[in-house]
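Reader: Hi! Could you walk me through this fold?
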Amino acid sequence: MVFDKGIYIIRGPNGSGKSTLLGIIAGIIRPSQGEVRVLGKDPFKDDGVKKLIGFVGHKTFLLEDLTGYENWGFFGEFDKDLADLMGINKVLNRPVRTYSRGERVKLSVCIELSRKPKVLLLDEPFSPLDEASKGSLAAILNGFDGTVIITAHGTIPLKAKMEYKLEKHENLGN
């Protein structure tokens with residue numbers, strides 16, 4: 001698979017490897033076969049390329065006892081316009097442990113975008129969001145100047161360059 005600039009959607013049933021594929025591209029999970037190149041570099045050998053990748057998985061990696069502002073300051077650079085667009089300003093003073101799943105995803109996406117990645121990997125970011133937040137996220141991603149790879153089950157409001165469908169195979173690796 002080759003991903004140039006644009007939005008790509010990875011679809012498939014639970015257990016088909018969508019999340020694993022994103023983890024491999026991010027340099028978090030080593031592939032059992034083959035090679036990975038992100039922006040022409042191996043993310044397992046070149047830590048510099050990892051700084052150009054934004055990743056939001058099912059587990060958000062937010063620090064539970066810190067507020068949204070504190071998390072954003074720790075992991076990225078606060079962007080008021082982005083916070084306004086995603087509608088999270090009202091919750092940023094609360095500890096993350098009090099956030100809903102949707103609020104966690106919105107904060108995580110904002111943090112990753114504030115880091116100015118060239119490649120953005122999002123694991124089912126639309127599933128926990130309300131309709132207004134889905135529209136806001138879609139507007140942000142449709143304007144993103146880089147590569148976006150998203151996993152999804154249902155319909156999402158994005159103009160994708162291409163969609164891939166993964167199949168679930170039993171007994172892989174056995």
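Author: Happy to; below we chat about the sheet and then the cores. This is a predicted model: local features need pLDDT of at least 70, side-chain atom pairs count only at pLDDT 80 or more, and totals for chains, interfaces and linings use all residues. Residues are numbered from 1 along each chain as its sequence is written, and side-chain values use heavy atoms, leaving out hydrogens and water.

Reader: Great. What is the strand order in the open sheet?
Author: The order is β2-β3-β4-β1-β5, five strands with parallel pairing. Strands (E, at least two residues) and helices (H or I, at least four) are DSSP runs numbered from the N terminus, and pairing needs at least two DSSP bridges.

Reader: And which strands stand at the edges?
Author: β2 (53–56) and β5 (162–165); each has a single partner strand, so one side of each lacks a neighbour in the sheet.

Reader: Over how many bridges do β2 and β3 pair?
Author: Four, in the parallel sense. Phe-55 stands opposite Leu-121 in β3.

Reader: Switching to cores: how many residues has the largest nonpolar one?
Author: It has 33, and Trp-72, Ile-88 and Phe-126 are among those with the most contacts inside it. Such a core joins buried Ala, Val, Leu, Ile, Met, Phe, Trp, Tyr and Cys residues through side-chain atoms within 4.5 Å, buried being under 20% relative accessible area (1.4 Å probe, protein chains only).

Reader: Which element gives the largest share?
Author: α5, with six residues.

Reader: What is Trp-72 in contact with?
Author: Beyond neighbours within four places in sequence, its contacts (heavy atoms within 4.5 Å) include Phe-78, Leu-82, Leu-107 and Cys-110.

Conventions: Buried < 20%, exposed > 50% of the residue type's maximum accessible area, 1.4 Å probe, protein only.
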